[in-house]
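This report covers a surface patch, the overall fold and the aromatic pairs of one protein. The sequence and structure come next.

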Amino acid sequence: MRFFLAISSIVVLVSVFALAPSPLYAQGPEPLVQCGTGADPCTVCDLISLGNRLLDFAFVYIVLPLVTIGIIAAGITIATARGSMTQVLKGRQMLLSLLIGFFIAASAWVIIKMVLVSFVDPSGPVGFLTSGFSFPLCP
């Protein structure tokens, strides 16, 4: 049992270190901040666009890898139960908590995306959210 836990711990640590360079993609082909360099001043549209890119970056490079690692940990807990019903229940509870947390994070992602889209395109499907605000139309 200790050998299997040691091997699974090594696998999880290697997975974490493999995902550690993910924040470096912030300076990848499309940087997070795309204005303010040279003669290109930042506008309100750039701020909204930055919020959109930060939201996508956080969801794709932080939330999804954490969910994957959590599913692996719950699966290892269930697989190493060896007939112990408490370990199986602990693994199931981990998985249920993980799925609830992911549902909350995904719902928040969708809601914030809708709000950001409504700021950029008030005539869109959720444009009623910005009625009364004077945000400029972004290209």
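## Nonpolar surface patch

Val60, Tyr61, Ile62, Leu64 and Leu66 make a nonpolar surface patch of about 420 Å². Patches take residues with over 30% relative accessible area and no salt bridge; like charges are joined within 9 Å, nonpolar side chains (Val, Leu, Ile, Met, Phe, Trp, Tyr) within 5 Å. A salt bridge puts a side-chain nitrogen of Lys or Arg within 4 Å of a carboxyl oxygen of Asp or Glu. Areas come from the Shrake-Rupley method with a 1.4 Å probe, and for residues only the protein chains shown count as cover.

Tyr61 sits in helix 2, residues 44-79. Its relative accessible area is 34%, so Tyr61 is partly exposed. Buried means under 20%, exposed over 50%, partly exposed in between (1.4 Å probe, protein chains only).

## Basis of the model

The model is predicted: local features need pLDDT of at least 70, side-chain atom pairs count only at pLDDT 80 or more, and totals for chains, interfaces and linings use all residues. Residues are numbered from 1 along each chain as its sequence is written, and side-chain values use heavy atoms, leaving out hydrogens and water.

## Overall fold

The protein has three helices and zero strands. Along the sequence the pattern is α-α-α. Helices (H or I, at least four residues) and strands (E, at least two) are DSSP runs, numbered from the N terminus.

Of the 139 residues, 23% are buried. The protein exposes about 9,500 Å², with 74% supplied by carbon and sulfur atoms. Among contacts (heavy atoms within 4.5 Å) between residues at least 6 apart in sequence, 55% join residues at least 24 apart.

## Aromatic pairs

The structure holds three aromatic pairs. The ring centres of Phe57 and Tyr61 lie 5.2 Å apart with planes at 45°, so this pair is tilted. Rings of Phe, Tyr and Trp (its six-membered ring) pair if their centres lie within 6.5 Å; planes under 30 degrees apart are stacked, over 60 edge-to-face, the rest tilted. Phe57 and Tyr61 are four residues apart in helix 2, so about one helical turn separates them. Phe57 counts as buried, at 15% relative accessibility.

Phe59 and Trp109 form a stacked pair, 5.0 Å centre to centre with 15° between the planes. This pair links distant parts of the chain: Phe59 is in helix 2 and Trp109 in helix 3 (residues 85-120), 50 residues apart. Phe59 is buried at 13% relative accessible area, whereas Trp109 is partly exposed at 26%. Ring pairs join Phe59, Phe102 and Trp109 into a cluster.
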